[in-house]
Amino acid sequence: MAEDKPTLCCKGKARTYNVPFPKNYNPEFLIFEKGEGVYLYDLDGKKYIDFGAGIAVNSLGHGREDLAETAYEQMKKLTHTSNLFTSEPAIILAAKLVSLGNFAAVHFGNSGTEANEAAIKYARLYSCNKKGNNSHKILAMESGFHGRTMGALACTHNPLYKTSFEPLVPGAEFVPLNDIDALTKKLDSSFAAVIVEVIQGEGGLNMMTKEYAKALNTLCQKHDVILIADEIQTGIGRTGWPFACSIVDLEPDIISLAKPLGGGLPISATLIPEKINNCIKVGEHGTTFGGGPVTCAVAGHILDIIFNPFFLENVRKNSEYLIKKLKETSAKFNFTGEVLGTGLLLGLKINQPKEYEKDLIKEIIVKCEENGLIILKSGKNVIRITPPLIIEEKHIDEGIEILTKTLESFGI
Ligand code: PLP
């Protein structure tokens, strides 16, 4: 019936509200129409420089002919097989991924949360086999984020995401990141796994220390606890290295990947070692769409580009330049602080002045958008900058100029 249909109201063409999406999303949306490299264009034709990359997803930028071509060619040949069969692109991608470390197998899924859900299930399965079913607990870090499905959500710290959905999967406990004493006191063989991010992408860009990574390696081995590195945001070149684990010498048993892997198409990967793979029986885990030929073909192409040492060297070079520019910007204002993060997962701390009545960081993000720059937030008070990895110095200059002018416009 026509009168039951939700109304789609538009302010200009590119701003819309009252869209029939659930209220867990913002009531108002900006509608993008297309992208080219590090730029996005909205429905009104307005251009934005993209310092967000779809929350650290579009590592190779927007509108790539090569990715479109790969997806198109594969779609024409074969789009879906289910997990009862497989395809060449899936086998090739799996071989590439397991060769990146001491891994025996990869479970493909469709989103970050699913990658972690699989990691938690595999860790529990191993633990149940080796230590019995009283060793099911999962240790996670305060301020950590691992996804929105019930298991990954149980290991996510922010109560805003959790409270309305309790009871969640039991057995998740938390310790503060980088507190070795708290970790030593808490961890024992009743835990199946510890799940960590080397840099907390959603939780304020807090970075794991090398000492903490060493303690995690040692204690997990001592208690036969599976160490899961959630590299969904930090992995596949975002930090200038294939995985962030190598920066702090973390030695995970499992690595979970998603975001940039499909260049915007939904694919995740959970990399597991032989000791876990040997415990799994046919039928214990699976998914219909995971490892589809199209997403795997695109992901294989993306890995070939990003894991080229020259590409990663360029990410590190541009990271240095962006850090320098952010530090110069920060020095100009009383309300800006530390530059956080590493590689092209960077942040600028915003200190809310007491006399400023509105939520300053929210206002900054909105005004930057108005001025043609997309930036993100991490934790309560950090501007998060995660541009496509193909960004160049000239784009950084352009984005920093908009950021600086926006910050000046507050007059505080
Ligand atoms: N883990 C980390 C570290 C993330 O940053 C995210 C998403 O932001 C997730 C898991 C969940 O990924 P998805 O939203 O694809 O389920």
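In helix 3, the residues Pro-89, Ala-90, Leu-93, Lys-96 and Leu-97 meet Pro-293, Cys-296, Ala-297, Ala-299, Gly-300, Leu-303 and Asp-304 of helix 11, where contact means heavy atoms within 4.5 Å. The residues of this contact divide into nine nonpolar, one polar and two charged, with Ala, Val, Leu, Ile, Met, Phe, Trp, Tyr, Cys and Pro counted as nonpolar, Asp, Glu, Lys and Arg as charged, and the others, Gly among them, as polar.

This is a predicted model, in which local features need pLDDT of at least 70 and side-chain atom pairs count only at pLDDT 80 or more, while totals for chains, interfaces and linings use all residues. Residues are numbered from 1 along each chain as its sequence is written, and side-chain values use heavy atoms, with hydrogens and water left out.

Helices (H or I, at least four residues) and strands (E, at least two) are DSSP runs, numbered from the N terminus. Helix 3 and helix 11 pack at an angle of about 40°, with their axes 8 Å apart; axes are lines fitted to C-alpha atoms, for helices over the stretch in contact, and angles run from 0 to 180 degrees between N-to-C directions.

Elsewhere, four strands form an open sheet of mixed pairing in the order 4-5-6-16, where two strands pair if DSSP finds at least two bridges between them. Strand 4 and strand 16 are the edge strands, each pairing on one side only. Strand 6 and strand 16 run parallel and are joined by two bridges, and Ile-374 in strand 16 is the bridge partner of Asp-50.

| Edge strand | Residues |
|---|---|
| Strand 4 | residues 32-36 |
| Strand 16 | residues 373-374 |
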